[in-house]
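Student: I have a structure to read and some terms to learn. Can we take them one at a time?

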2 protein chains.
Amino acid sequence: MQAEILSIGTELLLGQIVDTNANYLAQQLPALGLDLHYVTQIGDNLPRLAAAFRDALARSDVIITSGGLGPTEDDLTREAIAEVMGERLEIQPHLEQDLRAFFTRRGRTMPDRNVKQATTIPSGTYLPNPVGTAPGWWVERDGKVIVSMPGVPHEMHKMWAEQAEPRLARLITGGVIVSRMLKLAGIGESHAEEALGGLTQSTNPTLATYAKSDGIHLRLTAKAAVRGDAERLLDEFEPRVRERVAEWVYGGESDSFPAVVGALLRARGLSLTVAESATGGELASLITEAPGASDYFLAGYVAYSAAAKQALGVSQAVLQAHGTVAQATTQALAAAARQTAGAAVAVATTGVAGPDPSEGKPVGLLHIVVDIEGRQVCQETRYSTTRTEFKRRGALEALQLLWRELKHETTATA
Amino acid sequence: MQAEILSIGTELLLGQIVDTNANYLAQQLPALGLDLHYVTQIGDNLPRLAAAFRDALARSDVIITSGGLGPTEDDLTREAIAEVMGERLEIQPHLEQDLRAFFTRRGRTMPDRNVKQATTIPSGTYLPNPVGTAPGWWVERDGKVIVSMPGVPHEMHKMWAEQAEPRLARLITGGVIVSRMLKLAGIGESHAEEALGGLTQSTNPTLATYAKSDGIHLRLTAKAAVRGDAERLLDEFEPRVRERVAEWVYGGESDSFPAVVGALLRARGLSLTVAESATGGELASLITEAPGASDYFLAGYVAYSAAAKQALGVSQAVLQAHGTVAQATTQALAAAARQTAGAAVAVATTGVAGPDPSEGKPVGLLHIVVDIEGRQVCQETRYSTTRTEFKRRGALEALQLLWRELKHETTATA
């Protein structure tokens, strides 16, 4: 079946916001067996909106929209659908009641104009929005479906997962679609696909890979008549996937990489410190993304100058012999940070973030040292990218090295 | 005149990349007097691409595309335009020569398939691409224009600024369009608009505001027959804009906020340190975005635990009397960091990043202290946002406070 997306809002066409909703939805559709052929961004203009719905209905089976469901006169998605369907907006008393209750819970009175958010048309039904005032619409006629959701990303994501996707799954497959995610660190997308081999060709469950800022995400999706059957398909498929990429899997849908590393430290009662030169605070910032990081993260040092490295405990002899960017210096930095912070584990970085070379060392060079109770592991990488991206990727790679070492030690001692 | 954007590439429809090109272009079009009515994302499929070009030509005057200009069989933007125009692709010998030279400069031989990047159609001319292998196309017929550019963002940005925008300006206005940017820090978008008052209604030059992650950007755009006249319009307009927002302007198009703060420190010979609790390394990371930050940024401390704060020099008495999140503690932290690092200036943060309250202090509370040679300025803010966003906004606000104080001091002593 063929799908298309309408992203609705004049702020998109003025360049005020980037259309991340279309990207989110585009990632969800393959699992439903929907082919996405068009994404259209369109403003809050009734004739153009109505024309866009007519075009979409003429060429696609499923039209998914976000935006234009607010309470103001600018918000015209409902009006456009009603016009195209030749139907009238009708206030739904129970929906109006829900909306008033939403405002009451927040200690406010519902403004009159919000009553338009309590309307549907006879072909339509509404999709509840527990986290906002804009309910969605589900409109079905002549074998075509329009799903309209709010433009606020977190409201749309929730409505998609809880309302729209299950309904579409029933409609399209007559059954259910169940997804699981595995997150990988320390491996690139093409290597991950290579490791997965023939599994990426599987048709039910399917397996899709996405390159994200925190690693590679794998989405496993099964279709079946009832949820139990889909879960069983995944229970059989997931171990086969894990087997191929076991070394790199760090978690599932709700896991964040800094929190996973934190959990390993917490489980072993290890405290952590970092001494950053090249990554300039980005590694500490990544580590403190995890709620409760203060349980194990004692202190971080951004030792940007040679003097700061010496103050931390790196000897002048090491700096003179090797310079500020070198494996030996990074090792000394890690040892010094561990001692100064009184931590069990230290991660240190030195390198050349650019744009200019430093001490004859090339731009993009990065040394990472992980020091776990005195045992040191070193890594040298060379990036070809911007200063900002160097810091971001370098910090992630340092955290990945720490994770790998903590995991191996845990496995070895288990 | 009416414009529309086609973002071309199957990877968009699979959700593998977010369409930031459309957003970039959408921001550029108002300055040209072009109204953007549609953005369409479409895959690398010849019939659908051709249909999209036909629709666009029927309803718009200017069609701007990105993507689909690569050398492989998947890349079909050229073929689609040729089909819609009823013309044949012809190899341009001088263009082929340029392309071969591009490969030679990189020590490689041009693969045969790349010759298709050296073609145009009789209605078209090519736009040079000095930083990649995909030249753009400029196609003009029956008063309509198609501008096709590569999908790689930095190649597209360069081609837009150097080739496409000046040509469109000549075509649309018979003259030139010149833009300048002012960047503001420490003020929100609605306050900026309020301060600018009637100037936002000006028609030539125009004035547009954009909320960005590093502050508010103002774009001033003048149209005139020749560049000199446009520059004169801006020379007259810019001071009127600056006058209204003088307190918040930190630079122009090519200025980054961390580098501007760094330049103030460098000019006064002041060294810098930071002691972060709440912002967890994000402030140091922001400061080290500036190339050459090591000239003034000596060291950063992420004093996450009470012990780390004490090790830095905060007395136990202060911690016991005020707790770890308090103005007095933040003041002590700034003073201790300044002393430990031997720096002239320190910035310190404490707060509750969340998701849980801490020591009875609410989530979102942030204390910032800027200490310039012993003179301390304190600020307390309360955010209602996620942990990640709290750190990002908190770090920016800390840097803004530092900038404001450095600027005031510089003005006062000048």
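Predicted model: local features only at pLDDT ≥ 70, side-chain atom pairs only at ≥ 80, totals over all residues.

Tutor: Residues are numbered from 1 along each chain as its sequence is written, with chains lettered from A and ligands numbered from 1 in the order written.

Student: How many residues of chain B are in contact with chain A?

Tutor: 47 residues of chain B are in contact with 47 of chain A. Contact here requires C-beta atoms, placed from the backbone, within 7 Å. On chain B, the elements giving two or more residues to that side include α2 (20-28), β14 (297-303) and α14 (387-413). Helices (H or I, at least four residues) and strands (E, at least two) are DSSP runs, numbered from the N terminus.

Student: What makes β14 of chain A and β14(B) a pair?

Tutor: Pairing takes at least two DSSP bridges between two strands. Five bridges join these strands, which run antiparallel, so they meet the cut-off. A:Ala299 stands opposite B:Ala303.

Student: Which strand pairs with β16 (residues 365-372) of chain A?

Tutor: Strand β17 (residues 375-382) of chain A, antiparallel, over eight bridges. A:Leu366 stands opposite A:Thr381. Two residues lie between the strands of this hairpin, and A:Glu373 takes a positive phi near 50°.

Student: Which residues of α2 in chain A are buried?

Tutor: Among them are A:Asn21, A:Leu25 and A:Gln28. Buried means 20 or more other C-beta atoms within 10 Å of the residue's own; exposed means 12 or fewer, and partly exposed lies in between. The buried residues of α2(A) pack against elements of both chains, including β1 (2-8) of chain A and α1 (10-13) of chain B.

Student: What makes a set of residues a nonpolar core?

Tutor: Its members are buried Ala, Val, Leu, Ile, Met, Phe, Trp, Tyr and Cys residues, joined through C-beta atoms within 7 Å. The largest here has 132 residues, and A:Ala275, A:Ala337, B:Ala275 and B:Ala337 touch the most other members. A second, separate core of 96 residues includes A:Ile5 and B:Val147.

Notes
Contact = placed C-beta atoms within 7 Å.
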